[in-house]
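This report walks through pockets, strands, rings and cavities in turn. Please keep the model open while reading.

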Amino acid sequence: MMAQYLALKQQAGDCLLFYRMGDFFELFFHDAKIAAQVLDIALTSRGEHGGAPIPMCGVPVHSAEGYLARLIKAGCRVAIAEQVETPEEAKKRGGSKALVARDIVRFVTAGTLTEEALLEPRRANVLAAVCEVRGVIGIAACDISTGRMELEECAPDQMGAALARLGASEVVAPESWENAPVDCVPRPNRSFGSDEGEARLKAVHGVSTLDGFGQFSRAMLGAAGGLVTYLDHVGRGALPLLLPPVAREAGTHMAMDEATRSSLEILISSGGTRRGSLVEAIDRCVTGAGARQLAEDLSAPLTDTGAINRRLELVSWLHDDPLLRGDIRGILRALPDVGRALGRVVAGRGSPRDLGQLRDGLSEARRLHDLLRARSDRPGPLDAILPSLAGHGALCDLYARALVPAPPTERSQGGYIAEGYDAALDELRRVSGNARRAIAALEAKYRDDTGITALKIRHNGVLGYFIEVPAKHADRLMVPESGFTHRQTMAGAVRFNALALHEEASRIAESGGHALAAEDAHFEELVGHAVRAKEAIAATAAALARIDVAAGQAERASEGGWALPRVVDEPCLEISGGRHPVVEAALAAKGERFVANDCALGPQDRLWLVGGPNMGGKSTFLRQNALIVLLAQAGGFVPAQIATIGLVDRLFSRVGASDNLARGRSTFVVEMVETAAILSQATERSFVILDEVGRGTSTYDGLSLAWAVAEAIHSINRCRCLFATHYHELSRLAESCDALSLHHVRAREWKGDLVLLHELAEGPADKSYGLAVARLAGVPAPVIKRAKSVLEKLEKGRAATGGLAAGLDDLPLFAAAIEAAEEKVDALRERLNGLDIDALSPREALDLLYQLKAQANG
C-alpha cells in the first residue's frame, strides 16, 4: 500500500495528498503533520517506513468538504486520490490480496473551487494566469464556478494594478519568469505559448477560429494557454465550465493601483475582512450573484460616459418606483445561484439538487421577464437584457417533469427522478416496494411460526437481509428441520437466513440496482441538456445579477437619500453635501450625525490644500470625494445632495501608509514609492488625494518634498487633487500657483477644550491644535505642559530667524526652477563647445577652469 501511496504522492508534488481508504481520506508523513496542525485533529502513526513510525491522520469522506475549506483557507493545495475500482474488481484482477487501484482524480486549489460549501456566496473566486510576450503582459482570468473568462494585456508596470483589480485567489505564471508575481504557482513555460493558447481555446469551444469571440493579442493567448492547461491539469483532463473569452479593452475602466484600493478599502477593510469596507456599506443585493457583480463594478469603474449613464438610467428607474423595486427584489430573493449551479453541472460535479436549482432559477427568471415586459416605461438598458431572461421554456418543462420538487444533494441513493417520467423506472420501484412489504409480511409470519415475538428482520452492508433473534431463543432455529440457516453469533443475539428471505432480498437488490442505474442514466441525459444550453443559461444568470445590482443600488440610494450623479467629460468635480458612505453608516449605528461637506474642483481651481487639526476630518473628506467619484463611475447613486463628476481616467489615493516589512520598506519609503507612482502616471483627467506627504522624515526634508510635490501636481500633472497637510508654510504656494486654493477643517478651543467641527472652510488653518489633540487622546498633563513650554521657545526662535518659512518667498515656480537649472547647464555647455582646447596654454587652461567653476556656482 505504501508503494502505491508514494507513487501517488510523487504525482501530487507540493499538494497534500488525500488518500482514500474506505470511508476516510488518510494523510501520511509530512502531509499528516501539516494537516493535523491546520485542522486541529489527532496525529497518530502506523507501521514503519525506513525504520521510523509513519505519521498519519484522517478525515471522514462524508465531511471532507469542511476540512478542505480550512486547508485551502490556510494556503494549502490538495490532491484527491480516490479508489478507481471496487474490491470485487480488484479481486478479479489480481486475486484475493490484490490492492484496490487508486488514482488522483482532482487537485483542489484556491482558484479552482466549485463546491458550494467551499465558496463564499458574495465573492467571486478568480483564477488568473499571467505571462510576458515581447515586453507585453498578458492576463487571463476566470471564475470557474460561473465560467466567465476575460483576457487582457497591459504594460509591465501596470501588472500589479491589474492583478489587484482582479483580486485573484490563485495566480499561475511561467516557472522561469523572473518578474512573476509573488506567491504565484509556477507552471511549465511551454504551456504559455500563444499558439498553444489559441489551439486550446479553439478546442474548448469547438471552433476553427476565435474571430467570433473578438480580437486577442499574442500576450492574451499566451496567458489563456497557461490558464486552460492548468485547469486541465488540476481537473485531470476534465475541464470546468468555460464560457467564450471576452477581451477587456485598455482604457475602458478607471485605473487604480494596489495602494489606492487598499487605502480606499473598496472590497476589504484595513482589518482584512469585508466588514467596514465600501462594498459592505453599499451592498443591498439579495442574491450572491448580484453581490459578486457589484464587487466587480466597484473594482473596475467605467470610463465611458455612455456606459455609465446606461447603468444609472436603470438604477434611477428602479429608484423612482419603490413598489416595482420591491416586487423585483422579492422574486430575486427566492432565486438559487443559477450561475454556480451551472458551473458544478458542467464540471461534472453537479448533483440532482443543482439541476433542481437550474429548473427553479430559470422558471423564476421567466416570471421576472413577464413582470418587466408588461411595463411600458421600460428604460433602454433593461430592454437590452430582457431577452436573456427567457428562452428556457423547454428545458424548464423537461426538468419539471423529470425531477422531484426537492431533489437531494446526493445521486448515489436515487429518489430524484419524479414518478411518471419513466414507466419502466416506476415498475422497478413498484417491485422494490412490494418486496419490502413482502419482507415485513415475512417477519410477521416467522414470528407466528416460531413463537418468538422478539424476532426481527434486519439489514446491513455486509450480510444484506438477515433474521435476528435473542440468543436465548436461538436453539429453536438451530434444529435442521427449522428452515433457517445459521449465519452469525453475536454477544446477545444470533443471526439466520431463510430461503424465502433470500429470494425477496434478491428481488429487492435486483430491482433497486436497476432503478439506481435507470436514474443515473436519466441524470446524465438531463445534465447533457444543461451543457448544451450552457451559454444561454449563463447569459440569464448574468442578466439576473445585473438587475439585482441595479435594484440594490436603488434601494441603498433610497435608504440614504443619495443623489443621481451627472457624469460629464469636463475636468470638474462639483459635490454639494458629500458624505463618506462607510463613516456615515458607522455613525448612524451609534445614533450620531455625519457632517456633510462640499467640494468644487475645476480647471481654474483644481488643487485644494486642506489644513487643520488631526481628528478634524481631513482624511475622511479626501476619501469621501474619491469614493463618490468611484461610485458614480461604477454606475450608482452617490452620498451627496448634488454631484457633477468629470470623468476620471485614473484614481490615486495616498492616504495613510504602513511599513512593508516583507519588502524591507519603511513607512516613508512606502509613501515615496506611492507618491512617485502618482507623479509619473497621473494625467489631466486623473483625480488624486494626498495626505501628509513628507511627514515620515525630518521637518525640513518633509516640507521640501511636500512643497515640490504640490508644485508638480499643479504645474506638470495638472490633475484634480485634494492635498491635506500640516505644513502651514505650504499656504504660500497660493501666491504662485494660480489654480491652487486654501481650505481647512474648522476647530475651536472652548474653555481649554478642543471642539472639532468637521466642517470645511476656505482659507488657511490658523493653527494645528496639536497639543489640544494630544490632550484629547489622553497624553498625561505634565507631558502636555512640557510640550507647551518647548513649543513657545521654538515659536520665539522661528519669529526671530524666519524659521521654516525663511527664504520661501524667493523661490521660483517649479517649472521656472527647472528652466533656470537647464539654462545654467546650457551656458556652460555652449562655452565648452566653443573652445579650441589644443590652442590653450597651460596657464590659460587653469584660468579657464577657475572661470567655469565660478560660473557653475552662479
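## The second largest pocket

Helix H3 (64-73), strand S5 (78-83), strand S6 (102-108) and helix H14 (352-373) each give at least two residues to the lining of the second largest pocket. Helices (H or I, at least four residues) and strands (E, at least two) are DSSP runs, numbered from the N terminus. H3 contributes the most, with three residues. The volume of this pocket is about 1200 Å³. Its lining counts 31 residues, and the closest to the centre are Glu65, Arg106, Glu115, Arg349 and Glu410. By class, the lining has ten nonpolar, nine polar and twelve charged residues. Here Ala, Val, Leu, Ile, Met, Phe, Trp, Tyr, Cys and Pro count as nonpolar, Asp, Glu, Lys and Arg as charged, and the others, Gly among them, as polar.

Pockets and cavities are both found on a 1 Å grid over the protein atoms alone. A cavity is a set of points where a 1.4 Å probe fits but cannot get out. A pocket is an open set with protein on both sides within 12 Å along at least five of seven lines. Lining residues have an atom within 4 Å of a point. Grid points are joined across faces, edges and corners, and a volume is the space filled by probe spheres set on the points.

## Basis of the model

This is a predicted model: local features need pLDDT of at least 70, side-chain atom pairs count only at pLDDT 80 or more, and totals for chains, interfaces and linings use all residues. Residues are numbered from 1 along each chain as its sequence is written, and side-chain values use heavy atoms, with hydrogens and water left out.

## Strand pairing

S5 pairs with S6 in antiparallel fashion, through six bridges. Isoleucine 80 has arginine 106 in S6 as its bridge partner. Strand S1 (residues 16-21) runs parallel to S5, and four bridges join them. Tyrosine 19 stands opposite alanine 81 in S5. Two strands pair if DSSP finds at least two bridges between them.

Another sheet is open and has six strands, in the order S11-S10-S7-S8-S9-S12, with mixed pairing. Strand S11 (185-187) and strand S12 (246-247) stand at its edges. Each has a single partner strand, so one side of each lacks a neighbour in the sheet. Strand S9 (residues 148-154) and S12 run parallel, joined by two bridges. Leucine 151 has alanine 247 in S12 as its bridge partner.

## Aromatic contacts

Eight aromatic pairs turn up in the whole structure. Rings of Phe, Tyr and Trp (its six-membered ring) pair if their centres lie within 6.5 Å; planes under 30 degrees apart count as stacked, over 60 as edge-to-face and the rest as tilted. Both tyrosine 19 and phenylalanine 28 are buried. Buried means under 20% relative accessible area, exposed over 50%, partly exposed in between (1.4 Å probe, protein chains only). Ring pairs also link Tyr5, Tyr19, Phe28 and Phe29 into a cluster. The charged end of arginine 20 sits over the ring of phenylalanine 25, 5.8 Å from its centre. That label requires NZ of Lys or CZ of Arg within 6 Å of the ring centre and within 35 degrees of the ring normal.

Tyrosine 446 and phenylalanine 484 form another edge-to-face pair, 5.2 Å centre to centre and 70° between the planes. Tyrosine 446 lies in helix H17 (residues 423-450) and phenylalanine 484 in strand S15 (residues 484-489), so the pair ties together parts 38 residues apart in sequence. Both tyrosine 446 and phenylalanine 484 are buried.

## Cavities

Three cavities of 30 Å³ or more lie in the structure. Helix H11 (305-319) and helix H20 (534-560) are the elements that give two or more residues to its lining. H20 provides the largest share, four residues. The lining of the largest cavity divides into five nonpolar, two polar and three charged residues.

The second largest cavity has a volume of about 40 Å³. Among its lining residues are Gln158, Met256, Arg650 and Phe652.

Alanine 533 sits in the loop between helix H19 (499-532) and H20. Alanine 533 is partly exposed, with a relative accessible area of 22%. Histidine 392 is 141 residues away from alanine 533 in sequence, yet 8.7 Å away in space, C-alpha to C-alpha.
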